[in-house]
Amino acid sequence: MARRFVLPQRPHAGGEIDFDSDLNEQQLAVVTCGGGPKLVIAGAGSGKTRTLTYRVAYLLGQGVPPASILLVTFTNKAAREMLGRVGQLTQLEPYRMWGGTFHSVGARLLRRHAELLGYNDRFSILDEGDQRDLLRLCTTDIDVPVEQKRFPSPRVLASLFSLQVNTRQPLTDLIAERYGRFLEWSDAIGEIAQLYGARKRAANAMDYDDLLQRWLDLLRQHDDVRRRYQEQFTHILVDEYQDTNIVQAEIVEALAGGEQGGNLMVVGDDSQSIYAFRGANYDNILRFPERNAGTVVFKLEANYRSTPQIMAITNASIRNNQQQYEKTLKARRSDGMLPALVPCSYPQQEAAFVAERILQLRDEGVDLADIAVLYRGHAHRLSVETTLLRYDIPYEVRGGLRFFEQAHIKDVVAHLRVLENPRDEVAFRRVLLLQPGIGNVTAERVWQAVRTGDDDADAKDLVDKLGTPHVLSLLSAKARPAWSSFVTTMAEVVAAEADPETAIRGLLEACYEDYAVAKFDNSESRIEDLQQLAVFAAQYDSVHALLEELLLLGELYGQNASGRGAADDDEEAPVVLSTIHQAKGLEWHTVFIVHLLEGFFPSPRALDEADGEEEERRIFYVAMTRARDELYLSYPIIRPGGYGGAVVQQPSRFLQELPEELYETWQLEEEEVLTPSAAGDSVTAPQDTDFDPNVDPVWDDDEKLGEPWADD
DNA sequence: TTAAGCTTTCTTTTT
DNA sequence: GAAAGCTTAA
């Protein structure tokens, strides 16, 4: 009815970009290339992000409309940063471009077309915790003979079903391969898979894997939809392609397969593929040219990040892998110090070394925020964390429990989810179980009484039902007193509708604060978190937008995870503690990699998998290539064993295979002091030793330790 | 039927 | 060395 008036986006004057001087030859070739499938093998530190950014800017400059460009990245943060940068370069508003992770773009498209697949546009997204909750219900529903052997836990089931989607392997094969002991349960597991799928649908809910698989279904089953997006996305760029799985590859190939299609550019580094455990398929990048006829392969081989010394050691390490694209990274920086190999006696000493060296670096003028401590698994972070705390060095932990995954956050958010999607069984049960006097049995009854398959049902209907005499009759005497105030609260939240902040504050005051005090011993900090959540929610003008942010876009982590309230303004920006996986794509002046022990890194469980060792070596490679100037590889020779006894460990095989001339061994000596002195010079200057990583540096002893080494 | 208390099971990495 | 899961008491 209204007249359409199109406001074209035009580059402003001054938006001129000097491609020639901003990029090297290889980068420029990628940025300015023509149509057709493109594979860009981009070594670590080769300016991959820069190249992608300029490519997008270039396309816009060529007159490609922003809405025709789809940029898929590994994290949403990366997408935001890249598009923001494109915006700066081109003076165009970046919001018209499509950018994000596969999951977030998938969710966006699926909401548009949900009805075609039997969902509605307010479908819930189930995270892992929700997935497990639902799987538990499914397991209870099929009657497994209890007296027999153990049945796989929801966790195991979730990982099986996820791999089933992401790797396309038959369930029985997966069970046989990874959980042989559960083979006898294959039939029951298959049954649960069915049940789980049906229950997700009934709940109008998708888990992370559905966001990919349903997206592919959408493209495959609905030609008109597929054509529409093939026409829209004339340029598809995918970053970190080495970490995509089969479903993701098929999605982009389907999208790029249109008539003018084929403008698919994937960028990645096969040496940095570290997500096979969750179904990422190395073949995607290795065999991209086979799958996409006419592929032109580019290589970015100039490394601007690291010193030649660091590059020498990283290259030497990755050379031990068989499967990879041939490439030669060339150093562009001037010489720096040799990477340091630091054998330590025990974890506390290792942590002390890290802390002392950090203090020295700070004195030398290195920003704390430009220093990272990386480890293979979260468990390794503890000794470093406590030590940094003692040294009063501010730090920030990346990863671990995400903000949203903490119980108290999920509890409160579950209320909002019910309002958004009244069919969300998982969220509704969670809310019910918070009420006093209600356990599993009553929750089930109430759910059966109020559940609806009605597509258009809204939250108000649901809340109205909660107040009916019928529902009331299901409750035990214990549950009744609190019930009416619960129903009132929910009704108020419904009334607050579009305003997530008000809804959250209302919930807190009406009931959750009391609940938290009773339930958690650290209720204060949890309530504080929730206040933070309310503040955070204020930026969103709908519950819907808030939920999407929390579940998909969130790079939001727990407040309590940082050392000294790192966010405060006049505080120094903190040192970063992170798993290697979380460190992907980042870089620091100095990187410490700790706990490089055989038995930890490579992870023994990974070694069970085919090609497990190569993947672990790539993880090690990713870790080392994060460093620009200084790299410290350390390990404690004694680690506290799982059950009490300390165990002497070998250094990681990844250290043992490194040529000696590529690093320098630092021998730690403990200063002899009688008083517990403040941080001093207890870290010695580097010394030459003839250390051989095959031999324990301090003790020639390979047995279990009966006696503690204690401090001598 | 709930909820507390006790036992058991793991810990690789995450959108 | 914690969280989930099961048992048992109320």
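N204 sits in the loop between helix 9 (186-202) and strand 5 (205-207), where helices (H or I, at least four residues) and strands (E, at least two) are DSSP runs numbered from the N terminus. N204 is not a glycine, yet has a positive phi of about 55 degrees. This is a predicted model: local features need pLDDT of at least 70, side-chain atom pairs count only at pLDDT 80 or more, and totals for chains, interfaces and linings use all residues. Residues are numbered from 1 along each chain as its sequence is written, while chains are lettered from A and ligands numbered from 1 in the order in which they are written.

- N204 counts as buried because it has 23 C-beta neighbours inside 10 Å; the cut-offs are 20 or more other C-beta atoms within 10 Å of a residue's own for buried, 12 or fewer for exposed, and partly exposed in between, with C-beta atoms placed from the backbone.
- H595 is another non-glycine with a positive phi, this one about 65 degrees.
- You'll find H595 in the loop between strand 15 and helix 27, and it is buried, with 25 other C-beta atoms within 10 Å.
- P602 is in the loop between strand 15 (588-593) and helix 27, and the peptide bond joining F601 and P602 is cis, with omega about 5 degrees.

- An open sheet is built from 7 strands in the order 13-14-12-15-16-11-19, with parallel pairing; two strands pair if DSSP finds at least two bridges between them.
- Its edges are strand 13 (395-397) and strand 19 (664-665), each pairing on one side only.
- Strand 12 (residues 371-375) and strand 14 (residues 575-579) run parallel and are joined by 4 bridges.
- Within that pair, V373 stands opposite L577 in strand 14.

**Around DNA strand B**

- DNA strand B is surrounded by 26 residues, and the closest are T101, F277, G439, V441 and T442; a residue is near a molecule or strand if its C-beta atom, placed from the backbone, lies within 6 Å of it.
- Helix 20 gives the largest share, 3 residues.
- By type, the residues of this surface split into 16 polar, 7 nonpolar and 3 charged, with Ala, Val, Leu, Ile, Met, Phe, Trp, Tyr, Cys and Pro taken as nonpolar, Asp, Glu, Lys and Arg as charged, and the others, Gly among them, as polar.
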